[in-house]
Amino acid sequence: MSSDQQPLLRVRDLVVEFNTEAGVARAIDGVSFDIYPNETVGLVGESGCGKTVTGLSILGLIPSPPGKIVQGSIEFMGRDLVSLPEEELRNIRGSEISMIFQEPMTALNPVFTIENQMTDVLTRHQGLTRRQAGKAAIEMLDKVGIPIPEQRIKEYPHQLSGGMRQRVMIAMALSCGPKLLVADEPTTALDVTTQAQVLEQISLLQDEFHMAVILVTHDLGVVAETCDRGIVMYCGNIIESADINSLFNHPRHPYTEGLLNSIPRLREKKVDQLPIIPGRVPDLFHLPEGCRYGDRCNRVTDQCRQTAPLLQSVTEHTAVSCFHPVTQTSG
Amino acid sequence: MSTPLLEVRDLKKHFPVKSGLFHRTTAHLRAVDGVSFTIEKGRTLGLVGESGCGKSTLGRAILRLLEPSSGDVLLNGTSIIDTPRSGMLSLRRKMQMIFQDPYSSLSPRRTVAQTIREPLDVHSIGTPAERRQRVDELLDVVSMGLQVRDRYPHEFSGGQRQRIGIARALALNPEFIVADEPVSALDVSVQSQVLNLIADLKRDLGIAFLFISHDLAVIQHVSDDVGVMYLGKLVEFASAEDLYRNPKHPYTRALIAAIPVPEPGRKRARLIVKGEVPSPINPPSGCPFHTRCAEVKAICRSELPAAVDVGEGGRSHLVNCHLYGKASD
Amino acid sequence: MSGQSTAAIRREGLWSKAVYKFSRDRAGLVSLAIVSIYTIVALGAWGGLWATEWADVTGGKWMPVSSEHWFGTNIIGQDIFQRALFSTRTTFEVGFVVALLATAVGALLGAVAGFFSGSWIDEIALWMMGVLDSIPFYLFVAAIAFALQDNPYAMHVAMIATFWTTVARLVRGEVIKLKSLEYVEAAHAIGVPEIVIIFRHILPNTFHILLVQGTITFVAAIKSEVILSFLGLGVKEGMSWGLMISESTMEVMAGFFNNFLAASAFLFVLVMAFNMFSDALQDALDPKKV
């Protein structure tokens, strides 16, 4: 990504709230980031950090009620998606921005064949006839690596395996040639060998379709292998954003560092105790004063407990929200 | 050699597949299809495999939560399978289970104390006061405060619920615990906490574990020995050290290669296995992995490979693969 | 890491969420109020606080609405309002007895069938439900009424024998779902006896179904009572809305509607309120609804 390029998506100061019985929960609290054409950005964090809500809000899919975008803008190719009427949003959704979900079985309609569902999208957004759409759908299934697509397209979702269903979802999402694909935990429900196949397929297709991909995931390994940049979220905030190499090799935020250390990974030598992040993610109704990571942080000071740090640029594409970022020992 | 703590002999669990108007059994799903291994006292066996390989069924069949179709399981030399139902209660004291889903593994209408106490009640251990004290002890072991005693499961996070489930499993001082994917439903930072807890229990209480997981990295952290399962069969069995340093079976190698590594730039060696796991109702002939194996030979399609010991330095390293063994004939 | 981990937890009782949700459901609250009023009326009639003169002739034939006879009088000069009030007691008696027993029988047999699903116990339970469901309701009641000659509870027995099957089917399905949950497996692993598992770990978790199904059965029972009494198969002693409607057939032909309208209105309002209450209860107890 070169700096002179215009961002494809520009999210500014986004705040999303959910009305619950216990009160108003701020799922995202002032999130800003840019996505450039053709890049893959990983949106990482633990459950409840707001990564999925961020992905959903880009497509205007926040369930409302109880959810609501209360502030901020999502600018996609010059248009603000937040203020766009639902009808125009529907035209963008599925054609220019697409989304794939963790569990394709819930996203596919069980009573229609794959063909039915795929041609539906194509005839609506591309204005193809049913016959043309059918042909295009078979081509698309072939591209996502489904063997014998002419036969498979006549089947119902339950007749396919998990990996095949996810491929069908990808084929549907890409059938209109979107500029941006939001993939929400696309491989979490799959086995490792299938996950490897699907991730490979996504990156191949990305090159072919020249689209940007936002990969929402909790798996840092997946991010390291497939993304150009990573955005780390914690309790509704972005706490670090950096290119993949500096994020993994020189994490600046103590949370990123702790997360990287604590994941069980294949090691040369077995260790007795895994490094851990103490405590747990605070719930959204009992956020601590100041830095939200303060209670679990090993570098916490009085300053952190009083004021919340803001996301500050360190270099052009690196930003961190911490008063005491991890310093680079390697210089 | 002394009797091992647990010995599993050619264990099979086949589920009948019924179809048609009269629910005739038309086929069998071979969930576990002839598995044998032993676990020594205080050791942990990691069992790894993809979904549907039969690893969870195996864990439940060992504890006789499912009746095995054939084969035997011996705990301290006594057959669990031959024990009449009335005699199971005393055996259950010695073996327990930790479950995968922290949300469904605790009864929603029972308090934490009631849940942890139940094993003591059922086995009539101690006086009510002693049971109460034991519950407090157990809460302490799993690092939960005593103030949680009278709360209900829905008030806790996944990691905390998992700790409560572990406390319940520990109540009877078991010698052996089956842990079925105990951390896969937890968040990354909580996973390590629970894994460390399990490592502590193993060290401090000398409990032997059968640790079931799909995650090779997790398995490496907790296991002394590792068994790799594919379509109801063990395909490789070795010490954790040997298996990770020197994986023999093509499937094990593919599994290891497929794990995404959190180190950018170190792109995985592209050893992507093709296709998907075949159905255990109609497993392939010969070696079950031959449909996806990159090194498949003619013999693999017709003949089931027997276990070959390829261990070095006196350590056993069993692999069921035609690539090994025949050359030494 | 133990100390602070529990500090932030909100105390939240198991039922308080349902109560909170119900308290925000306006239709639910209104229906609850109406049902409560009916309950008080029924209790009062039962305790002899009012409607004591329902069987006495207190006026002339077909007297119009007045301050003395709020709904007028019937063909032999009995006060219609008092008769309608007294009938509430009958209705509640029938409703409660039938709902309670049918739900209990259904829960028990459903739970046992579900827990041992696939075994011969389940087969027998399913066969019984199938047989009972396939007999036409009114024919069945007539047969039982005939068999239990003159027994005032023939109607109750007939209703319980038919209504439990619905409860049993629902509970059986829920139990089949529950018994595969890991906490039930955990109970097996601990060595908890099967009968204790059913009563301690499974049945309490079907309670929301029983509560809702109980109210639905209540409504079905009071509606059936009216129809059966109208047909002469129901209430033998005392008074009921069904009997009032039955008496009123002649009056309606003569152009006097008071008796018919009073009984119908009492029935209509109660059934309506109870159905709304049942819906609200279902919403409040459904953990998936926000």
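This is a predicted model: local features need pLDDT of at least 70, side-chain atom pairs count only at pLDDT 80 or more; totals for chains, interfaces and linings use all residues.
Me: What pattern does chain C follow along the sequence?
Reply: Chain C reads α-α-α-α-α-α-α-α-α-α-α-α, with 12 helices and 0 strands. Its C-alpha atoms fill a box of roughly 80 × 50 × 30 Å along the principal axes.

Me: At what angle do helix 5 and helix 7 of chain C pack?
Reply: Helix 5 (residues 120-134) of chain C packs on helix 7 (residues 154-179) of chain C at about 135°, with the axes 9 Å apart. Axes are lines fitted to C-alpha atoms, for helices over the stretch in contact, and angles run from 0 to 180 degrees between N-to-C directions. Helix 5 and helix 7 of chain C are therefore oblique to each other; angles under 35 degrees count as roughly parallel, over 145 as roughly antiparallel, 65 to 115 as roughly perpendicular and the rest as oblique.

Me: Which residues of helix 5 of chain C meet helix 7 of chain C?
Reply: Contact means heavy atoms within 4.5 Å. From helix 5 of chain C, the residues include L126(C), M129(C) and D133(C), and those they meet in helix 7 of chain C include W164(C), A168(C) and R172(C). By class, this contact of helix 5 with helix 7 of chain C has 7 nonpolar, 3 polar and 4 charged residues. Ala, Val, Leu, Ile, Met, Phe, Trp, Tyr, Cys and Pro count as nonpolar, Asp, Glu, Lys and Arg as charged, and the others, Gly among them, as polar.

Me: And where does helix 6 of chain C stand relative to helix 10 of chain C?
Reply: The axes of helix 6 (residues 137-147) and helix 10 (residues 207-231) of chain C come within 12 Å and cross at roughly 60°. That makes helix 6 of chain C oblique to helix 10 of chain C. F137(C), Y138(C) and V141(C) of helix 6 meet S224(C), I227(C), L228(C) and L231(C) of helix 10. The residues of this contact divide into 6 nonpolar, 1 polar and no charged.

Me: Changing topic, which domains make up chain A?
Reply: Chain A is divided into domain 1 (9-234) and domain 2 (237-320), with bounds from an automatic or database domain assignment. Their centres, taken over C-alpha atoms, are separated by 27 Å. The contact takes 25 residues from domain 1 of chain A and 24 residues from domain 2 of chain A.

Me: How much area do domain 1 and domain 2 of chain A bury between them?
Reply: They bury about 2200 Å², 65% of it on carbon and sulfur atoms. Buried area is the accessible area (1.4 Å probe) that two parts lose on being put together, summed over both. L220(A), V232(A) and Y234(A) supply 40% of the area that domain 1 of chain A buries against domain 2 of chain A, more than any other three residues.

How values were computed:
Residues are numbered from 1 along each chain as its sequence is written. Chains are lettered from A and ligands numbered from 1 in the order in which they are written. Side-chain values use heavy atoms; hydrogens and water are left out. Helices (H or I, at least four residues) and strands (E, at least two) are DSSP runs, numbered from the N terminus.
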